[in-house]
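Please open the model in a viewer and keep the selection panel at hand.

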Amino acid sequence: MYIIGQEEVDAVKRVIESKQLFRYLGGDQSETARFEAEWAAKIGTKHALALTSGTAALITGLVGMGVGPGDEVIVPAYTFMATALAPLAVGAVPIIAEVDASLTLDPTDVARKITPRTKVIIPVHMVGLPSNMDAIMAIARQHNLKVLEDACQADGGSYGGKRLGSIGDAGAFSFNHYKIITCGEGGALVTNDETIYHRALIFHDGGSSFRDYASRITTPFFAGMNFRTNEILSAILRVQLTRLDGMLDAMLTEKRLMIQALSDIGGFTFNPIHDVEGDCGTTLALLFETPERMRAVLDGLNEAGIDADTPIDSGRHVYTNWEPILKQQGAHHPAMDAYKRAEVPVEYSPDMCPNTLDILARTLFLYTDPTRSRADLDAMIEKIRQVLWSTD
């Protein structure tokens, strides 16, 4: 969580005093309906659906795309495990592909992983870094595949002048405590595709056939779930949304200053960025020649009190730690397990994405802060420079 204050408190107070916490009681004037309209306008899509989490957004997105048993969904080896769990939730199998030095999906490996069963590609804009969407969209169109952007760590970022989430067939966002904007836990799905939106709308609310909008749905109704959000969370998000662009500008400014100040020091390169203007600026990634050199610098930074870490240590963000997936424990009941229903057996191993493991083990993360003063930033940069020089 970056910034939260009295405005959010006032928004929550307004909802509580209204005694209207359920999203559908207020119609088009509900906090949730207004947030959906505001989020769609911000991202640049026709539709936005507010949900309970980023995971719910991924699942409803796949449902919207018609993904189910027998299908395969390509996901990156570096992402939070929820990206790979979402296909299993709809009966499909996640196929794990390499990331490159940009820390996002490697298009070359994506092309290698496509089979007749592939239905969707999920590029993940990790730590606010845009994926190579030109290459991924070209591959998807060549093979008639859908693209579901996982922008859960990249709220508000962009690629080629378009907001992340608006480039593929649909985009998923997260608003949990650790994301750029937050309501504690929440998510959203965006799309320009009417069918994807209607199917997601039906699935996210088991009572959708009774809602006022039911007559406008052109897709046949089916049994849904309950991923509805509530008015308190939406009211918080409406305030958070007003902060978003200012936060992105502040973080990207910090990141550029850090890059400028560290660019004259050898021993590492900056991980490449597919769109430097669209980067969210949350994270500065340094790529070292060896894991040992990275560890030496990381230890020095931690001793100096600098907030730094490495993606190889990020737990469930690395595929080798996706225990339920590597062990192919795909559901709570065998009859619902995608692995047991797959037409062709899937093989996983801890060493199946060696390039990913190598890159992650040589990458170090430094973080920006939109609330930090210039004096504090300059002091932090000087400490970083000293550590880099002393460990060279």
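**First stop: Ser208**

Select Ser208, which is buried, with a relative accessible area of 2% (buried means under 20% relative accessible area, exposed over 50%, and partly exposed in between, with a 1.4 Å probe and protein chains only). The model is a predicted one, in which local features need pLDDT of at least 70 and side-chain atom pairs count only at pLDDT 80 or more, while totals for chains, interfaces and linings use all residues. Residues are numbered from 1 along each chain as its sequence is written, and side-chain values use heavy atoms, with hydrogens and water left out.

Ser208 lies in the loop between helix 7 and helix 8 (231–262); helices (H or I, at least four residues) and strands (E, at least two) are DSSP runs, numbered from the N terminus. Which residues are in contact with Ser208, leaving aside its neighbours within four places in sequence? They are Leu201, Ile202, Tyr213, Ala214 and Phe221, where contact means heavy atoms within 4.5 Å.

**Second stop: the second largest pocket**

Tyr213 leads onward to the second largest pocket, being one of the residues closest to its centre. About 560 Å³ of space lies in this pocket. On a 1 Å grid over the protein atoms alone, a pocket is an open set of points with protein on both sides within 12 Å along at least five of seven lines, whereas a cavity is a set of points where a 1.4 Å probe fits but cannot get out; lining residues have an atom within 4 Å of a point. Grid points are joined across faces, edges and corners, and a volume is the space filled by probe spheres set on the points.

Of the 22 residues that line the second largest pocket, select the closest to its centre: Asp28, Glu36, Tyr197, Tyr213 and Arg216. Helix 2 (31–43), strand 1 (47–51) and helix 7 (194–204) are the elements that give two or more residues to this lining. By class, the lining divides into 10 nonpolar, 4 polar and 8 charged residues (Ala, Val, Leu, Ile, Met, Phe, Trp, Tyr, Cys and Pro count as nonpolar, Asp, Glu, Lys and Arg as charged, and the others, Gly among them, as polar).

The largest pocket holds about 1100 Å³ of space. Next, select Val127, Gln153, Tyr178, Lys179 and His317, the closest to its centre of the 46 residues that line it. The elements that give two or more residues to the lining are helix 3 (54–64), helix 4 (82–89), strand 13 (363–367) and helix 13 (374–390). Which element gives the largest share of this lining? It is helix 13, with 4 residues. The lining as a whole has 21 nonpolar, 15 polar and 10 charged residues.

Is Met380 buried or exposed? At 12% relative accessibility, Met380 counts as buried. Not counting residues up to four places away in sequence, Met380 touches Met258, Ile306, Tyr367 and Arg372.

Strand 11 (residues 283–288) and strand 13 run antiparallel and are joined by 5 bridges. Leu287 stands opposite Thr363 in strand 13.

Strand 2 (residues 72–76) pairs with strand 4 (residues 118–121) in the parallel sense over 3 bridges, and Val73 stands opposite Val120 in strand 4. Strand 4 also pairs in the parallel sense with strand 5 (residues 146–150), over 2 bridges. There, Ile121 stands opposite Val147 in strand 5.

**Last stop: the cavity**

How many cavities of 30 Å³ or more does a search of the whole structure find? The search finds 1, and about 40 Å³ of space lies in the largest cavity. To display its lining, select Gly70, Asp71, Glu72, Val93, Arg117, Ala342, Glu343, Val344 and Val346. These residues divide into 4 nonpolar, 1 polar and 4 charged.

Notes: Pairing = 2+ DSSP bridges.
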